[in-house]
Amino acid sequence: MLRPVLCVVAVSSLLFSVAGGAPAATISYRPALIPPGGPPVPVPLAIEPLVPTTADTIFFTAPLDGATYENDCFAAVALRGWPVLNIDEGARLIDISFDGFSPGVCPDTWDPVVGAFGDFGKLSAGIWTFQNSHSGSLDFTVVPEPSSLILLASGVIALLAYGWRRSTQTVPTTANTAATIVEYGSQP
């Protein structure tokens, strides 16, 4: 079940304050990048870093409906609200939706927007899906933070070493010399 995270509205962006250890998130409409004399640069569905750890904040961009709007207010009218991130930790799903609040009158200012951007995190390890209804989905894997991997690896090494013993013995060789043989094997 998707659940919107508790949010506080701040003009055109939403800042999520999260209780109970759920991931924090921010999202807003993304300003359009328009080269001189050209069309707006499309916004990809993307995350950074590409392979996040459980300690990372994940930054994202997401296309919406492919249109460029005069400003964020016109986008909110056309898309029926401000963008909202829904984070379902059980299903490992992050979804962009709209809050349903559409402003009545918009200022006539040119500050074009296209898509959404923001951040979310810290997520639990595993395979997650980031999606929105306008651009499909993106699966990504969150890995344990490096210090967790080191502790895990050292724990495995300690467990393997616990059940093993080291023994040495001296055996005669040719030319009246001796050699030491080191054996590793399981404890009796």
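These exercises, each with a worked solution, walk you through a predicted protein model.

Before you start, note that residues are numbered from 1 along each chain as its sequence is written. Because this is a predicted model, local features need pLDDT of at least 70 and side-chain atom pairs count only at pLDDT 80 or more, while totals for chains, interfaces and linings use all residues; side-chain values use heavy atoms, with hydrogens and water left out.

**Exercise 1. Confidence and layout**

Find the average pLDDT of the protein chain, and list its secondary structure elements in order.

Solution. Start with pLDDT, the predictor's confidence in each residue, from 0 to 100. The protein chain averages 75, and 66% of the residues score at least 70. Over residues 158-168 the pLDDT is below 50, and this stretch has 23 contacts in the model beyond near neighbours in sequence; contact means heavy atoms within 4.5 Å. Residues 179-188 also have a pLDDT below 50, with 32 contacts in the model beyond near neighbours in sequence.

Next, the elements. Helices (H or I, at least four residues) and strands (E, at least two) are DSSP runs, numbered from the N terminus. The protein chain has two helices and 12 strands, and their order from the N terminus is β-β-β-β-β-α-β-β-β-β-β-α-β-β.

**Exercise 2. The nonpolar core**

Which residues have the most contacts inside the largest nonpolar core?

Solution. Begin with burial: buried means under 20% relative accessible area, exposed over 50%, and partly exposed in between (1.4 Å probe, protein chains only). Of the 188 residues in the protein chain, 32% are buried. A nonpolar core is a set of buried Ala, Val, Leu, Ile, Met, Phe, Trp, Tyr and Cys residues joined through side-chain atoms within 4.5 Å.

Now look at the largest core, which has 26 residues; L85, I94, F120, F130 and F140 have the most contacts inside it. Among the elements that give it two or more residues are α1 (72-79), β7 (93-98), β9 (126-132) and β10 (136-142). Finally, take F140: leaving out residues up to four places away in sequence, its contacts include I58, I94, F120 and F130. As a general background, nonpolar side chains tend to be buried together in soluble globular proteins.

**Exercise 3. Aromatic rings**

Why is the pair of F60 and F130 called edge-to-face?

Solution. Rings of Phe, Tyr and Trp (its six-membered ring) pair if their centres lie within 6.5 Å; planes under 30 degrees apart count as stacked, over 60 as edge-to-face and the rest as tilted. The structure holds five aromatic pairs. For F60 and F130, the ring centres are 5.1 Å apart and the planes stand at 65°, so the pair is edge-to-face. F60 lies in strand β5 and F130 in strand β9, 70 residues apart. Both residues, F60 and F130, are buried. Ring pairs also link F60, F120, F130 and F140 into a cluster.

**Exercise 4. Strand β9 and its partners**

How many bridges join β9 to β10, and how many pair β7 with β9?

Solution. Two strands pair if DSSP finds at least two bridges between them. Seven bridges join β9 to β10, which run antiparallel, and the two form a hairpin with three residues between them. Here W128 has F140 in β10 as its bridge partner. On the other hand, β7 and β9 pair in the parallel sense over four bridges, and D95 has Q131 in β9 as its bridge partner.

**Exercise 5. A residue in β9**

Is I127 buried or exposed?

Solution. First, consider the strand: five of the seven residues of β9 are buried. I127 has its place in β9, but I127 is exposed, because its relative accessible area is 59%. Leaving out residues up to four places away in sequence, I127 touches R92, F140 and T141.
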